[in-house]
Amino acid sequence: MITLISACSKDDDDNSPSTSYTTAENLLTAIDFQGYAIITKDGNNLVRQGYGYANENTAMPQSYNLAYRIGSVSKTITAAAIVQLKRDGLITSFNQTLDEFDDAFPNGDQISISQLLSHQSGIPDYQFVVEDAYEQGETLDEEDIYEVIIEMISENGLNFTPGSSKQYSNSNFLIAALLIEELSQMTYHDYIQQNILTPLEMTGTHRGNNSINTETHAEGYNNGSSNSTYPMAIAFGVGDFSSTPNDMETWTNAVKTNWFTDEEKAEILAEDVPSGYVDFGLGWFTTQEGNTTLYWHGGDINGYWSMIGFIPKYNATIVLLSNQQDDSGTQRSTIIQQLLTNEFN
């Protein structure tokens with residue numbers, strides 16, 4: 001569910017090979033990418049095709065309109081819904097603090113909405129605690145998980161003073177999703193459906209189920225074995241969407257162009273990142289390599305990994321939806337490094 005990457009850190013992944021590939025298509029073939037890939041540059045397709053099978057038992061091909069779990073790429077949608085709350089006048093500023101919405105939240109007067117969405121809150125990550133509880137037979141919904149987060153802070157405090165550091169934590173976005181529900185008086189998924197999915201005609205994007213429909217959804221794999229189940233309540237607001245390459249291209253292009261105003265983009269996207277470094281914005285990462293800026297987000301969940309991104313300088317769109325688990329994030333890191341070094345420089 002989480003994207004393993006350190007904010008404001010040097011992008012020097014030791015797992016990335018030194019080999020250079022002449023084309024994006026050669027790169028994906030060489031690293032044995034499995035899934036559907038879209039990479040465009042200046043309005044032209046560098047890659048638009050599937051690799052491997054969406055279901056090895058039935059030889060179902062990867063497809064532009066097939067669903068894949070997208071994991072934490074869902075966070076880009078949650079962050080956009082928070083922006084919509086501001087448009088709707090339900091929040092006045094991203095600098096509002098959590099105590100305005102829940103006066104009992106520990107240290108809530110120190111933690112802003114902006115710090116939630118940019119992983120600067122210091123709130124510890126609930127994921128592994130809740131997954132362990134699930135393995136022990138406990139069934140927790142998003143409200144239960146919220147109480148777990150509060151208990152973790154009450155017992156051990158924040159990981160750091162809000163705003164003093166950055167550390168990726170799924171807790172930030174579960175809290176953001178609950179805030180959407182409280183302020184909109186709608187369910188999180190209904191608010192996103194009304195304000196994002198329906199206007200953009202993203203008909204292939206939906207709340208994921210614990211088990212997939214193998215007729216409409218790519219099967220997930222881990223080391224050759226089927227691995228498509230996940231208790232999706234744990235991923236509420238954090239990584240619980242499935243989507244198609246078609247819809248993710250629509251969403252990435254919308255963000256790249258005019259879904260956000262220029263004023264909103266200035267608040268959302270991290271700028272002035274040193275070359276060779278990566279930083280968090282509000283629901284998006286920024287990776288800088290020389291004069292090339294990549295805005296992106298990745299995701300990992302049982303049986304799948306994903307990435308969407310765009311490079312304004314080259315009018316580039318990147319959508320990678322894989323149905324082959326990559327625990328180390330090696331494929332995503334390799335692709336980013338190679339594209340920014342060879343294709344977009």
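A word on the ground rules: the model is predicted, with local features needing pLDDT of at least 70 and side-chain atom pairs counting only at pLDDT 80 or more, while totals for chains, interfaces and linings use all residues. Residues are numbered from 1 along each chain as its sequence is written, and side-chain values use heavy atoms, leaving out hydrogens and water.

**Salt bridges**

Let's start with the charged pairs. A salt bridge here is a side-chain nitrogen of Lys or Arg within 4 Å of a carboxyl oxygen of Asp or Glu, and that rule gives a count of 5. The table shows some of them.

| Pair | N to O distance |
|---|---|
| Arg-48 and Glu-249 | 2.6 Å |
| Glu-264 and Arg-87 | 2.8 Å |
| Arg-332 and Asp-300 | 2.7 Å |

Take Arg-48 and Glu-249, bridged at 2.6 Å. Arg-48 sits in strand β3 (residues 44-51) and Glu-249 in helix α8 (residues 245-256), so this pair ties together parts that are 201 residues apart in sequence. Helices (H or I, at least four residues) and strands (E, at least two) are DSSP runs, numbered from the N terminus.

How covered are these side chains? For that, buried means under 20% relative accessible area, exposed means over 50%, and partly exposed is in between (1.4 Å probe, protein chains only). Arg-48 is partly exposed because its relative accessibility is 33%, whereas Glu-249 is buried at 9%.

Next comes the bridge between Glu-264 and Arg-87, with the closest N and O atoms 2.8 Å apart. This one also links distant parts of the chain, with Glu-264 in helix α9 and Arg-87 in helix α2, 177 residues apart. Glu-264 counts as buried, having a relative accessible area of 13%, while Arg-87 is partly exposed at 34%.

The bridge between Arg-332 and Asp-300 has an N to O distance of 2.7 Å. Arg-332 belongs to helix α10 (residues 330-343) and Asp-300 to strand β13 (residues 292-301), and the two are 32 residues apart. Both Arg-332 and Asp-300 are buried.

**Helix α4**

Which residues of helix α4 (residues 127-135) are buried? They are Gln-127, Val-130 and Ala-133. Looking down the axis of α4, these buried residues fall within an arc of 135° (taken from the directions from the helix axis to the C-beta atoms), so they line one face of the helix. The general rule behind this is that an α-helix has 3.6 residues a turn, so residues three or four places apart point the same way. Over on the other side of α4, Asp-132 and Glu-135 are exposed.

**A negative patch**

Now for the surface. Asp-141, Glu-143, Asp-144, Glu-147, Glu-151 and Glu-155 form a negative patch. Patch residues have over 30% relative accessible area and no salt bridge, and like charges are joined within 9 Å. Asp and Glu count as negative, with the charge placed at CG of Asp or CD of Glu. Asp-144 lies in helix α5 (residues 142-156) and is partly exposed, at 33% relative accessibility.

**Two positive phi angles**

Finally, two residues other than glycine have positive phi values. Asn-107 has phi near 60° and sits in the loop between α2 (74-87) and α3 (113-117). Its relative accessible area is 30%, so Asn-107 is partly exposed. Asp-272 has phi near 55° and is found in the loop between α9 (262-268) and β11 (277-280). With a relative accessible area of 78%, Asp-272 is exposed.

Key. Patch = residues over 30% accessible without salt bridge, like charges linked within 9 Å, V, L, I, M, F, W, Y side chains within 5 Å. Areas by Shrake-Rupley, 256 points an atom, 1.4 Å probe, with all protein chains shown as cover.
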